Amino acid sequence: MNTTTFHTDLLIIGAGPTGLAAAQLALEHGYEVDLVDDNFQSGGQIWRGGAQTQHDKRAQLLAKMLAQSSRLRCHFQSKVVHLNGSINQFSAVLDHVQNTTSTSSRIMAKRVIIATGARELLLPFPGWTLPGVTGAGGLQALAKSGYPVKGKRVVVAGTGPLLLAVAASLVERGAIVTHIVEQTSFSKLKRFAFKLFATPSKLWQALGLAWKLRQQQYWSTAFVLEALGGKRLERVVIQHAGERKTIECDFLACGFGLVPNLELAAGIGCKFDTTKLPEESFMRSPLTLSPRLESSIAGVFCAGETTGVGGVDLALVEGRLAASSAVLSLKQAQTDNTAPNETEAQQQLANTIVEAKADRNKWQTFASNLESTFALREELTQLCRDDTIVCRCEDVRFQELKIHPDWRSAKLHTRCGMGPCQGRVCGTANRLLFGWERDLGRMPLSASPIESLLAIVESKEVTSNQEIT
Ligand SMILES: Cc1cc2nc3c(=O)[nH]c(=O)nc-3n(C[C@H](O)[C@H](O)[C@H](O)COP(=O)(O)OP(=O)(O)OC[C@H]3O[C@@H](n4cnc5c(N)ncnc54)[C@H](O)[C@@H]3O)c2cc1C
């Protein structure tokens with residue numbers, strides 16, 4: 001079989017802020033970088049539409065720098081479906097999907113940075129499968145890609161600062177955001193706002209959003225009980241201030257925060273430790289990482305929201321930290337360590353690592369505030385009725401699941417989590433509803449064409465037989 005194979009120093013998976021910052025640092029030090037993302041351009045979730053098109057100056061600078069580099073290869077619309085190997089000989093198999101055709105390729109790399117970001121946490125409630133009910137970030141992404149929301153009445157619900165960002169971008173595109181429904185309490189929000197003084201850029205961002213949304217109704221201690229309609233959504237029922245309130249709307253954009261995408265890290269075998277995480281914690285990542293963000297597999301680094309949800313500033317700093325660590329380890333492995341400027345370059349990297357670690361601490365404090373403020377309330381686990389669908393891929397209802405003792409039993413008997421999303425949606429929901437832990441790490445990560453499966457078999461042979469030279 002004729003799969004194209006690329007050889008590189010550093011493979012970065014994910015071209016969001018983390019991946020872009022990591023690529024920039026490695027390129028500055030003269031290394032070859034392959035950057036992979038399943039979107040059709042760089043920017044990740046926050047800089048959707050391309051890093052080069054954003055108001056954020058950091059995005060523009062990163063995009064410009066990357067566009068000018070001859071040592072960078074970008075693979076967009078390419079999903080890493082398999083990753084294996086060990087230091088100096090990692091192998092990733094990519095599925096490229098363009099129009100209706102799909103091809104595969106392979107990247108052989110000396111070091112890997114996993115920067116696969118996070119996804120929305122969606123929770124089931126009666127009516128959540130009606131057309132017109134979407135994730136909060138989901139509707140934002142659709143609208144940013146041109147989906148018409150002008151004149152549509154939207155309720156934005158769930159939890160976290162993302163609700164404000166979503167509501168603001170929908171309003172900008174002409175939607176009528178009638179209500180923002182936040183499940184956390186007003187007193188928690190007040191404490192969070194006070195803590196924002198420690199990170200003035202976030203405070204300004206919050207004030208800017210509050211100003212843009214001054215005409216929208218903002219309800220705290222409120223959550224969706226039910227979405228109602230015939231063929232599509234017509235109204236939602238909200239629990240607010242001890243009362244059930246009904247709101248007419250065209251869209252309900254509902255997201256309960258973000259959860260790290262851990263499948264790739266788990267699939268290659270990075271160690272996890274769930275014992276240190278509070279049970280109700282969804283935003284944190286159980287990945288075991290060194291202070292330099294190296295995983296339990298030497299040469300594999302994890303950064304950005306894969307390591308826990310904390311916003312774009314934390315993502316950028318972690319990208320730099322992971323790349324500095326990866327580049328330093330490449331330099332230390334070089335045979336000619338005595339070359340002129342080499343000691344100086346290594347010292348410079350060591351300094352970058354120290355600075356990035358300090359910055360990381362600051363933004364991690366912000367991340368902890370996020371987590372404690374927007375922890376999910378108990379009532380959200382009680383919303384399902386017996387006939388509420390929990391696994392939308394396989395149409396599995398709450399009553400079919402509740403009789404099972406664990407995820408495995410539920411999966412084997414009902415096919416829950418065995419559809420196209422492979423439990424990415426219902427797996428997290430089931431953790432909240434039943435306390436079940438999902439098995440994360442199975443390769444290939446998604447249904448793949450035969451060509452990719454053959455490339456995976458070849459990869460296993462290659463990585464066990466040869467080192468990259
Ligand atoms: C739906 C959504 C909307 C958001 N909107 C906002 C917002 O409006 N404002 C805000 O401040 N923050 C927003 N955030 C949070 C924001 O994404 C983060 O703060 C920040 O972008 C994290 O950067 P990252 O690089 O770690 O991850 P991301 O930006 O998520 O980038 C990770 C990239 O990796 C790619 N990827 C994942 N797995 C693979 C794979 N196997 N193969 C190839 N590519 C892969 C993903 O497609 C993605 O492009 C949003 C998050 C989500 C999930």
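1. Are Phe192 and Phe366 buried or exposed? Both Phe192 and Phe366 are buried. Please keep in mind throughout that this is a predicted model.

2. The structure holds 7 aromatic pairs. One of them joins Phe192 to Phe366: the ring centres are 6.2 Å apart and the planes make 40 degrees, a tilted arrangement. This pair links distant parts of the chain, with Phe192 in helix α5 (residues 186–195) and Phe366 in helix α9 (residues 342–373), 174 residues apart.

3. Phe366 also pairs with Trp363, this time edge-to-face, at 6.2 Å centre to centre and 85 degrees between the planes. Trp363 is buried, as is Phe366. Ring pairs connect Phe192, Trp363, Phe366 and Phe374 into a cluster.

4. Two arginines lie over ring faces. Arg214 is placed over the face of Trp211, 3.9 Å from the ring centre. Arg431 is placed over the face of Phe282, 4.6 Å from the ring centre.

5. On the sheet: 5 strands make up an open sheet with parallel pairing, in the order β8-β15-β9-β10-β11. The edges are taken by β8 (133–134) and β11 (217–219); each has a single partner strand, so one side of each has no neighbour in the sheet. Helix α3 (residues 136–144) packs on this sheet, where it touches β8, β9 and β15 (251–255), and its direction makes about 125 degrees with that of β15.

6. Within that sheet, strands β9 (residues 153–158) and β10 (residues 176–182) run parallel and are joined by 6 bridges. Arg153 stands opposite Ile176 in β10.

7. Where does Ala51 sit? Ala51 belongs to the loop between β2 (33–36) and α2 (57–67). Its relative accessibility is 0%, so Ala51 counts as buried. Leaving aside residues up to four places away in sequence, Ala51 touches Leu20, Ser42, Gly43, Ala59, Gln60 and Ala63. Pro17 lies 34 residues from Ala51 in sequence, with 8.5 Å between the two C-alpha atoms.

8. To restate the point I would check against the display: Phe366 has ring pairs with both Phe192 and Trp363, and the cluster that contains them also includes Phe374.

Methods. Residues numbered from 1 in each chain as written. Predicted model: local features only at pLDDT ≥ 70, side-chain atom pairs only at ≥ 80, totals over all residues. Heavy atoms only, no water. Pairing = 2+ DSSP bridges. Helix = DSSP H or I, 4+ residues; strand = E, 2+ residues; numbered from the N terminus. Contact = heavy atoms within 4.5 Å. Axes fitted to C-alpha atoms, helices over the stretch in contact; angles between N-to-C directions. Phe/Tyr/Trp six-rings, centres within 6.5 Å; stacked < 30°, edge-to-face > 60°. Buried < 20%, exposed > 50% of the residue type's maximum accessible area, 1.4 Å probe, protein only. Lys NZ or Arg CZ within 6 Å of the ring centre and 35° of its normal.
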